[in-house]
Amino acid sequence: MTATLLCGAAARAAYAADLPSFQQVRVQHRPSDVQVLDRHGELIQTVRVDKKVRRLPWVPLQDVSPAMRLAIVLSEDQRFWQHSGVDWRAAASSAWANLWNQRTRGASTVTMQLAGLLSEDDAYTHGRRNWPQKLSQAWTATRLEAQWRKSDILEAYLNLVPFRGELVGLPALTQILFHKHPNGLDAQEAAIAAALIRGPNASPAVVAKRACQVLTLQQRPCLGLDLVTTAALAQKGGGMPGEQMAPHLARQLLKQPTAAASPGPSVHSTIDARWQRLAASLLARHLSELSNQDVEDGAVIVLDNASGDVLAWVGGSGMLSDAPEVDAVLSRRQPGSTLKPFVYEMAFEQGLLTPASLLHDAPVQLPTGAGLYIPQNYDKRFKGWVSVRTALGNSLNVPAVRAGAMLGPDALAQRLNLVGLNLKEPGAYYGPGLALGSAEVTLRDLSNAYRALANGGLWSPPRLSVDEASVAPRRVMSAGASYLVTDILSDNTARALTFGLDSVLATRGFAAVKTGTSKDMRDNWCVGYTSRYTVGVWVGNASGSPMHEVSGVSGGAPIWAALVRELHRQQPSARPPMPPGLVRQAVVFEHGRTADNTPVDADREEVFMAGTQQVRWTLVQGQGAERGIRQPQDGAIFALDPDIPPKAQRITLATDRARAQWWLDGKRLSGARVVRWSPWPGRHELVLRDGAQQLDLVRFEVRGAGVRVSAKGQ
């Protein structure tokens, strides 16, 4: 035993010969909480990374209240400023008391305790120390006094000493127990903190008694000390210093390679605390207004167009949600109509469409592997023949599906992946519905894809940390086609049929914006960009449950509009210049009117890719009223149910031709424009004739059992 103690003492003596400097100890200090700062250095979030202890950033001695500096000396080492590491008078008194089994304060000075805290040997910080350990500690303390200043010793001690439970260091203690920084401690709070060093797990009564002794040495009263002590020790350890406004962003930021490679007490994000605070406030306020419409979750992201810096990242609605930990900025949801701009951009780029091209907004049945796909518009109404500008501006579904069919789902999926949407399945999996947002994407990726439109087709990843290297942008879309989409999305007149001229989407300066709603009102989106910022908003429920009567302009749009208004309060957004390769051309439309005899598209000046412009836009023979079979579609598949009455399962045969004859499987049916035919299982060939001339032909199939007959054979 003696040999072991001597060896331990020798090892500690060797350690004392190679003491770390004060600066080394301070630099090596690792808080248990990482502070996330905004781009200007303001604290926006604190994240716990060490679950074993609670240790906050190092606090300089000048930032510790005078009351605390006095209390710690009176409690632990009254001759701290006079001795050279060991208080021999106190040591002699302690030895004499131990000889007679008397209870005493002990002889360990602050410097000796610091020597133990700096040692890697657990014997210095746990349990009673034997005499060889005491001697080694005393030797180390004298070396510390020779190499360090007294103020450095006291500063290191206050930052390293364990207090109560998991709390290590004065900053953690004051934040959790008193909700203050160390410079704000008064005399009573300082006395309680000093008393906890000697009895970290003592009862409130014992701590108050010891704290009263410290106050008595200062000739201060102890009135009310019991209540203050009890209240302080009742605090839990979950409090965080500073305003906590970006929990989801902080978790994502700490996963970044730059933060993981050099973990430190703080990480500088690209967030701007002003916009983060505003976005969170606007989201919470609007969701409160929608609470009676079965809405509780939402998310907001703001991107700087030029740099890709994330200026605001609000991943959830906090206490308004049943799932506050879910980061809705990164959750995959169906984006609805917000994918339409990319459909038309690709069609413009390939020369398949122009903003003045005519598309038919009418009922359509598209055969798929899973049956018929029948897209509808939001208002369940159809506008007939419309220009692409009108179709995209008013978010008409059937024209978007027709445009997507020109591209093909696989090619469209490849383009969506190119702009960073990272679809999980190939295009064929989604089929025609891909043009209407049937794939699932994240708000971050979708907003950054819109940022690429704002940048004329140049894409780069968003940036979360100011230390993260910028990535050179790459071209993913044509500059000219991107401008055409931007021009339509910023045209308040183009969306007037659906949204009106005074909707919330109408902004003071330039802004291109698109709303979207997924199936069954489960997700509502509003994404758009100005000359400087891209703003994305999602509103819905983390559970996936549908909302009640929440449309594009009542869900995310009010939040988007309010944010854009504040972002450009000082400097209005300016319209981007038209890139080379585009021309303006006056156009005239002769393609019909709506049900109330109003022209769908007024004559106007339109923008074209050079070489695609034309003045007059009308329907050629065979379109509109002169077309052939409107229903059913070629390749359609119908399924019969024997339990449903036959009259409820009739198939509509429809044409716009005034003079035509229906022939089914070689037999004449009728000359009416619309025929309700009682189906029979099998493959069928439907022909539309005008006298001897065959106008159109479609083939379709009816599947299922024959119609059930009654017991009487009726």
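By cavity I mean a set of points, on a 1 Å grid over the protein atoms alone, where a 1.4 Å probe fits but cannot get out. Quick caveat: this is a predicted model, where local features need pLDDT of at least 70 and side-chain atom pairs count only at pLDDT 80 or more, while totals for chains, interfaces and linings use all residues. Residues are numbered from 1 along each chain as its sequence is written, and side-chain values use heavy atoms, with hydrogens and water left out.

The largest cavity comes out at about 70 Å³, volume being the space filled by probe spheres set on the points, which are joined across faces, edges and corners. Its lining, meaning residues with an atom within 4 Å of a point, includes Leu-392, Arg-495, Phe-499 and Lys-514. Helix H16 (388-393) and strand S12 (512-517) each put in at least two lining residues, and S12 gives the most, with three. Helices here are DSSP runs of H or I, at least four residues, and strands are E, at least two, numbered from the N terminus.

Now, Gln-334. You'll find Gln-334 in the loop between strand S5 (310-314) and helix H15 (340-349). Gln-334 counts as partly exposed because its relative accessibility is 25%; that class sits between buried, under 20%, and exposed, over 50%, with a 1.4 Å probe and protein chains only. Gln-334 and Glu-440 are 106 residues apart in sequence, yet 4.4 Å apart C-alpha to C-alpha.

Note on methods. 1 Å grid on protein atoms, 1.4 Å probe; cavity = no way out; pocket = protein on both sides within 12 Å on 5 of 7 lines; lining within 4 Å.
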